[in-house]
Amino acid sequence: MEIIRSNFKSNLHKVYQAIEEADFFAIDGEFSGISDGPSVTALTNGFDTPEERSSPDVKFVCQSSSIDFLASQGFDFNKVFRNGIPYLNQEEERQLREQYDEKRLQSNGAGALSYTSPNTSKCPVTIPEDQKKFIDQVVEKIEDLLQSEENKNLDLEPCTGFQRKLIYQTLSWKYPKGIHVETLETEKKERYIVISKVDEEERKRREQQKHAKEQEELNDAVGFSRVIHAIANSGKLVIGHNMLLDVMHTVHQFYCPLPSDLNEFKEMTTCVFPRLLDTKLMASTQPFKDIINNTSLAELEKRLKETPFNPPKVESAEGFPSYDTASEQLHEAGYDAYITGLCFISMANYLGSFLSPPKIHVSARSKLIEPFFNKLFLMRVMDIPYLNLEGPDLQPKRDHVLHVTFPKEWKTSDLYQLFSAFGNIQISWINDTSAFVSLSQPEQVPIAVNTSRYAESYRIQTYAEYVGTKHEEKQIKRKWTEDSWKEVERKRLNTQCISYALQNHCYHANSLTATSTVGKRNLSPSQAEGVLEARVSGEISDTELEQTDPCAESLSEGRKKAKKFKRMKKDLSPTGSISDSSAKLFEVPDTW
């Protein structure tokens with residue numbers, strides 16, 4: 001069933017029912033990946049670490065080759081923008097709901113909107129000189145309306161947002177009862193105010209109607225996020241094929257921006273989706289690896305129709321047309337998700353043949369498939385096959401790998417010529433001036449390193465030396481960040497303590513921001529990340545900060561971020577958990 005913007009709301013209850021009844025979900029976002037570098041290898045290096053591969057890369061770009069590919073597959077670009085369903089992430093939804101709540105709290109009898117201050121009904125409004133004539137004219141029109149026995153409503157001329165604010169504040173103070181104030185739009189999207197004479201019962205009724213309309217508009221704005229939240233809160237298995245990008249985009253778009261730290265990303269992802277399964281990794285692992293030669297989705301779907309597999313028979317409910325695998329619709333997200341689900345069922349059922357007695361059907365809750373949970377396939381990484389969301393990733397030795405830096409004028413042929421004496425090599429470009437070169441024999445590494453000892457234009461080092469240098473740079477950067485941040489905190493706290501001693505009371509929040517804000521602006525986002533790690537690890541404890549802060553009115557950004565993830569985990573963790581006693585019959589290997 002195709003659901004677009006026009007029929008989303010009317011069919012949402014069917015979607016919720018399907019989520020409630022489903023055993024598992026198959027997803028596909030049709031994210032082919034886009035590179036704005038010189039080549040694909042610049043985006044996906046063969047010796048990337050999982051942290052480098054999962055780093056956030058937020059862009060809105062249009063790459064001609066990707067557009068051409070989608071067009072060749074019949075992708076309807078008009079449908080995306082004309083019929084796409086809106087959505088908000090959690091932070092956007094929270095802010096919008098707070099705005100609506102604030103409007104409700106600030107309403108005080110005249111139906112005032114967000115322009116009204118909570119104290120406006122207690123004293124006259126201060127009106128600028130250049131607006132007094134305008135407001136006086138509005139008040140005069142309202143007085144005429146109240147004296148008239150024929151007219152019940154008054155439409156004011158369209159005006160600016162500031163003028164509407166003055167009108168709301170003035171009327172809230174001058175006419176606390178007897179009128180209802182509402183902002184409407186003309187066909188030209190010009191906003192104007194309508195004032196109606198009402199008794200108290202009618203005013204409350206209209207306010208309730210307006211509140212209901214606002215809630216409906218808010219839910220419409222949340223849009224498709226409601227479906228993703230329902231899937232996440234169900235705690236059921238979510239399946240995809242080569243699904244790392246699908247997971248990253250889903251978390252980023254519907255929950256919150258991806259963190260730069262890999263462990264934070266893992267924690268966030270498992271909070272949203274506690275059980276994930278990648279059919280590409282599953283097909284690349286025993287017992288399937290030896291009998292499946294091609295793990296691309298199209299070829300996998302064909303192979304799983306043959307012996308020894310038994311493809312499932314799919315029957316669609318009445319009124320819900322089904323895809324037909326005989327007429328392929330590859331690279332349509334719904335179809336790809338559909339055949340991903342079929343592939344999972346076939347492979348899961350095949351695992352049942354190893355039991356005694358054999359089982360024809362294996363459910364999505366079976367312990368037989370637990371070894372494949374929360375491991376996402378990593379494309380084009382030579383020796384790390386998957387990202388492990390529930391623990392540390394594989395640590396390959398890479399003692400045959402060299403890190404080479406060279407002038408940007410060099411080409412691949414120059415690298416092959418440099419290492420021509422070492423036989424077959426593999427080159428993975430990092431950027432214009434560096435690359436990884438893997439040799440066929442680790443014993444050749446010391447010889448290769450020595451060749452660059454007296455070279456001026458290039459440098460060769462072992463992979464271990466390269467990682468060690470990066471680690472040292474990171475530690476120095478982190479140490480500098482920690483010292484800088486501690487100094488900023490010390491100065492801020494000293495300023496507060498001196499002020500507290502002199503004045504014997506705490507500053508207001510606005511007064512506290514001066515020192516800390518200036519200090520923080522001297523730190524880059526990456527430096528701030530180091531401080532966060534220090535605080536989370538306990539090097540700078542919350543208790544220490546609170547004990548030295550007599551006012552304790554502001555939380556640092558590090559504490560806010562740490563608490564945000566804890567709160568998210570608490571809010572998103574669904575009922576039920578995965579058993580630690582996974583079946584040992586099939587295991588995803590630690591080496592590839």
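I started with α1, whose buried residues pack against β1 and α10. Contact here means heavy atoms within 4.5 Å. Before going on, I noted that this is a predicted model, where local features need pLDDT of at least 70, side-chain atom pairs count only at pLDDT 80 or more, and totals for chains, interfaces and linings use all residues. Residues are numbered from 1 along each chain as its sequence is written, and side-chain values use heavy atoms, with hydrogens and water left out.

**Helix α1.** I listed its buried residues as N7, F8, N11, L12, V15 and I19. Buried is under 20% relative accessible area, exposed over 50% and partly exposed in between, with a 1.4 Å probe and protein chains only. Helices (H or I, at least four residues) and strands (E, at least two) are DSSP runs, numbered from the N terminus. I also found a kink of about 60° in α1, centred on N11; the bend is the angle between axes fitted to the seven residues ending there and the seven starting there.

**Cores.** Which residues have the most contacts inside the largest nonpolar core? They are F273, L276, L376 and L387, in a core of 34 residues. Such a core is a set of buried Ala, Val, Leu, Ile, Met, Phe, Trp, Tyr and Cys residues joined through side-chain atoms within 4.5 Å. At least two residues of this core come from each of α1 (5-21), α10 (225-234), α11 (244-254) and α12 (262-272). I then looked up F273: leaving aside neighbours within four places in sequence, its contacts include I228, I231, A232 and N374.

**Rings.** My search of the whole structure gave 15 aromatic pairs. Rings of Phe, Tyr and Trp (its six-membered ring) pair if their centres lie within 6.5 Å; planes under 30 degrees apart count as stacked, over 60 as edge-to-face and the rest as tilted. F24 and F344 are edge-to-face, at 4.9 Å centre to centre and 70° between the planes. F24 lies in strand β1 and F344 in helix α15, so this pair ties together parts 320 residues apart in sequence. F344 counts as buried, at 2% relative accessibility.

Y463 and Y466 make a tilted pair, because their centres are 6.1 Å apart and their planes at 50°. Both are buried. I also saw ring pairs linking F288, F309, Y350 and F354 into a cluster.

Last entry: the charged end of K280 sits over the ring of F377, 5.3 Å from its centre. That label needs NZ of Lys or CZ of Arg within 6 Å of the ring centre and within 35 degrees of the ring normal.
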